[in-house]
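Dear colleague,

I am handing over the structure we spoke about, and my notes on it follow directly below. Please read them with the sequence and the model open beside you.

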Amino acid sequence: MSDEIRKYSNGDVTILWQAHLCQHSTICWKGLIQVFNPKNRPWINMDGATTERIIDQVKKCPSGALSIDKNSDSSD
Ligand code: SF4
């Protein structure tokens, strides 16, 4: 149940969220509260920043709870 993967997309990139991996390091929401706000539902707002900025922040997640859906990443 808790290991479900949620997806959030802005039509350009899709973020994968795996709650069971989150270490609550707070890095994501301290770095980009406009997108990652645990007080909101859903807690990820893909309209809060540019795709580039969102990807940059996701890459800083130390646990792998946040990741980029490779199928949506055309920059590779
Ligand atoms: S950066 Fe990653 S580990 Fe830290 S709170 Fe955000 S999702 Fe969780």
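The side chains of T51 and N10 are joined by a polar contact of 2.9 Å (a pair of N or O atoms within 3.5 Å, of which, within protein, one must be able to donate a hydrogen and the other to accept it, while residues adjacent in sequence count only if both atoms are side-chain atoms). Please bear in mind that this is a predicted model, in which local features need pLDDT of at least 70 and side-chain atom pairs count only at pLDDT 80 or more, whereas totals for chains, interfaces and linings use all residues. Residues are numbered from 1 along each chain as its sequence is written, and side-chain values use heavy atoms, with hydrogens and water left out.

T51 lies in helix α2 (helices are DSSP runs of H or I with at least four residues, strands runs of E with at least two, numbered from the N terminus), and T51 is buried, its relative accessible area being 18% (buried means under 20%, exposed over 50%, partly exposed in between, with a 1.4 Å probe and protein chains only). Leaving out residues up to four places away in sequence, T51 touches N10, D12 and V13 (contact means heavy atoms within 4.5 Å).

The buried residues of α2 are T51, I54, I55, Q57 and V58. They lie on the same side of α2, because they cover an arc of only 165° around the axis, taken from the directions from the helix axis to the C-beta atoms. Among the elements that cover these buried residues of α2 are β2, α1 (27-31) and β3.

With kind regards
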